[in-house]
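Let's talk through the charged side chains in this one. Have a look at the structure first, then we'll take it question by question.

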Amino acid sequence: MTDFVTVADFERAAAAKLDAGVAGYFFGGAGDELTLKENVEAWKGWRLRPRALAGLGEWSTRAEVLGAEVSMPVLVAPVAYQGLVDPEGERAMARAAAAAETVMCLSTLATNRPRPVAEAAPGGRRWFQLYCFRDEGVTRAMIAEAVDCGYEAIVVTVDAPRGGNRERDRRTGFAIPEEIGVPSVEAALGSGRAITIEETFDLMEPALSWSDLGDLAADCAVPVLVKGVLTAEDGALAVEHGAAGIVVSNHGGRQLDRCLATADALPEVVDAVEGRAAVLVDGGIRRGVDIAIALALGADAVLVGRPALWGLAAGGEAGARSVLELLREELELTLALCGCASPAELSRVHLRRAPAASVYSG
């Protein structure tokens with residue numbers, strides 16, 4: 001990995017290492033995969049306005065997210081079934097995030113329960129991504145376990161009342177191996193056997209409402225974030241129903257194809273929230289300059305899912321950490337060249353929409 005200089009290098013290495021079914025599961029999106037592609041391309045629709053002669057000799061990527069400092073406004077997004085690409089899975093990812101001094105968000109569909117992940121990186125910061133279940137007792141048991149293990153926030157995914165149309169998986173015939181199971185769900189159910197992904201989704205609540213979110217936020221001992229918001233209307237409703245943060249996300253293009261790319265949705269959500277809650281964004285982040293654009297548009301931080309997973313697949317814990325450090329280094333360079341001492345100095349004055357007929361357009 002010493003020869004890897006971009007996130008794309010890790011992507012290619014992961015693709016070469018994983019078998020076709022596993023690669024398709026993690027690399028693929030829904031339908032024609034237009035949103036999957038546009039998530040990446042949309043960040044390229046902005047141009048930076050750098051300021052010269054800023055008189056700076058030092059730069060820092062450190063930032064504050066939900067009242068606590070991180071080394072950079074780049075968090076690890078929840079990604080399911082990381083054990084498919086590395087034997088330690090989420091435990092290795094937790095150590096990588098802790099070494100990079102940032103937050104890891106653990107998926108409900110992880111191959112490790114919250115406690116062993118916490119124990120793998122006791123000094124790290126962790127959030128827990130939650131799917132809500134028809135049985136409120138299961139939902140509450142999962143929240144209780146995460147909070148008891150020191151997870152600082154609950155991130156409720158709201159864009160998956162049903163699974164998306166994952167055509168790559170259908171073409172390869174890929175299915176999550178039954179023996180892997182979903183340990184967090186099995187523990188909450190008190191099950192003595194592995195629960196399949198199909199059984200897990202059957203147990204989830206498809207009819208979640210804003211009032212349900214409000215009740216969950218009111219009862220939760222830690223901040224609740226809402227992941228899967230793409231509109232100003234839903235951003236405002238999330239705040240009104242107690243969300244401490246909003247993740248502008250389209251599930252990595254894996255749910256509704258031809259919905260807004262997150263770079264395009266971010267500004268209206270930021271404007272609707274009006275600083276009343278943290279705003280984060282994921283989807284298509286591949287470069288430090290992408291992170292800078294997101295911050296300039298008003299995001300407090302970004303989350304990266306696939307890039308971190310590509311690092312894990314290519315080189316385990318060291319690979320995931322290398323991806324995070326690479327993004328941090330690229331962000332620091334972008335800040336320096338824009339005349340900003342820290343991420344907090346970026347704003348919309350640093351941006352312009354790319355010309356429609358740009359010579360850089362493909």
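## Salt bridges, pair by pair

E167 comes out partly exposed in this predicted model, at a relative accessible area of 22%.

Q: Which residue does E167 form a salt bridge with?
A: Look four residues away, about one turn of helix α7, where both partners lie. The closest N and O atoms of the pair are 3.8 Å apart.

Q: Is E33 buried or exposed?
A: E33 sits in the loop between α2 (20–27) and α3 (34–42). The cut-off for buried is under 20% relative accessible area. E33 has a relative accessible area of 9%, so it is buried.

Q: How many residues apart in sequence are the parts that R168 and E33 tie together?
A: These two form a salt bridge, with the closest N and O atoms 2.8 Å apart. R168 lies in helix α7 (residues 167–172) and E33 in the loop between α2 and α3, so the parts they tie together are separated in sequence by 135 residues.

Q: Which helix holds D219, the salt-bridge partner of R140?
A: The R140 and D219 side chains meet at 3.5 Å, N to O. R140 lies in helix α6 (residues 136–148), and the pair ties together parts 79 residues apart in sequence. D219 is in the helix spanning residues 210–219, which is α10.

Q: How many salt bridges does the structure hold?
A: Some are linked up: R62, E69 and E101 form a network of salt bridges. For the structure, the count is 21.

Key: Residues numbered from 1 in each chain as written. Predicted model: local features only at pLDDT ≥ 70, side-chain atom pairs only at ≥ 80, totals over all residues. Heavy atoms only, no water. Salt bridge = Lys/Arg side-chain N within 4 Å of Asp/Glu carboxyl O. Helix = DSSP H or I, 4+ residues; strand = E, 2+ residues; numbered from the N terminus. Buried < 20%, exposed > 50% of the residue type's maximum accessible area, 1.4 Å probe, protein only.
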